[in-house]
Amino acid sequence: QVQLVESGGGVAQAGGSLRLSCAASGRTVSSYYMGWFRQAPGKEREFVARINWSGGSTYYAESVKGRFTISRDIAKNMVYLQMNNLKPEDTAVYYCRYGVLGTAASAFGSWGQGTQVTVSS
């Protein structure tokens, strides 16, 4: 079982930036993808970005492409989400995910507890 702990959420103005961090502990599989999802009030949880733990290949939702960057530090067991040019519609609880298949959570994996991101206009 992989445990995930997010940090770095907060309040930003539109056009601003925030960086989310996700610390992973436990036994990880190098071929797995890790990623970020988000859930806004009254909406379903949606895919934001993913990264292959070993190779580093990335994939983004169209809504964040060019503004968000996902990265990882294998030595520190950390995954990051750099969010630039934030928009009010980016307001949501952001969840780190171990185990991403395509743009969905894989059958086996784990979620972090979530961190709130609020973007004011």
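Let's start at Tyr95, which counts as buried at 14% relative accessibility; buried means under 20% relative accessible area, exposed over 50% and partly exposed in between, with a 1.4 Å probe and protein chains only. The model is a predicted one, where local features need pLDDT of at least 70 and side-chain atom pairs count only at pLDDT 80 or more, while totals for chains, interfaces and linings use all residues. Residues are numbered from 1 along each chain as its sequence is written, and side-chain values use heavy atoms, leaving out hydrogens and water.

Arg45 lies over the face of Tyr95, 3.7 Å from the ring centre; for such a contact, NZ of Lys or CZ of Arg must be within 6 Å of the ring centre and within 35 degrees of the ring normal. Ring pairs also link Tyr95 with Phe37, Phe47, Tyr59 and Trp111 into a cluster.

Across the whole structure, a search finds five aromatic pairs. Rings of Phe, Tyr and Trp (its six-membered ring) pair if their centres lie within 6.5 Å, with planes under 30 degrees apart called stacked, over 60 edge-to-face and the rest tilted. The rings of Tyr32 and Tyr98 have centres 4.7 Å apart and planes at 25°, so this pair is stacked. Tyr32 is partly exposed, at 25% relative accessible area, whereas Tyr98 is buried, at 7%.
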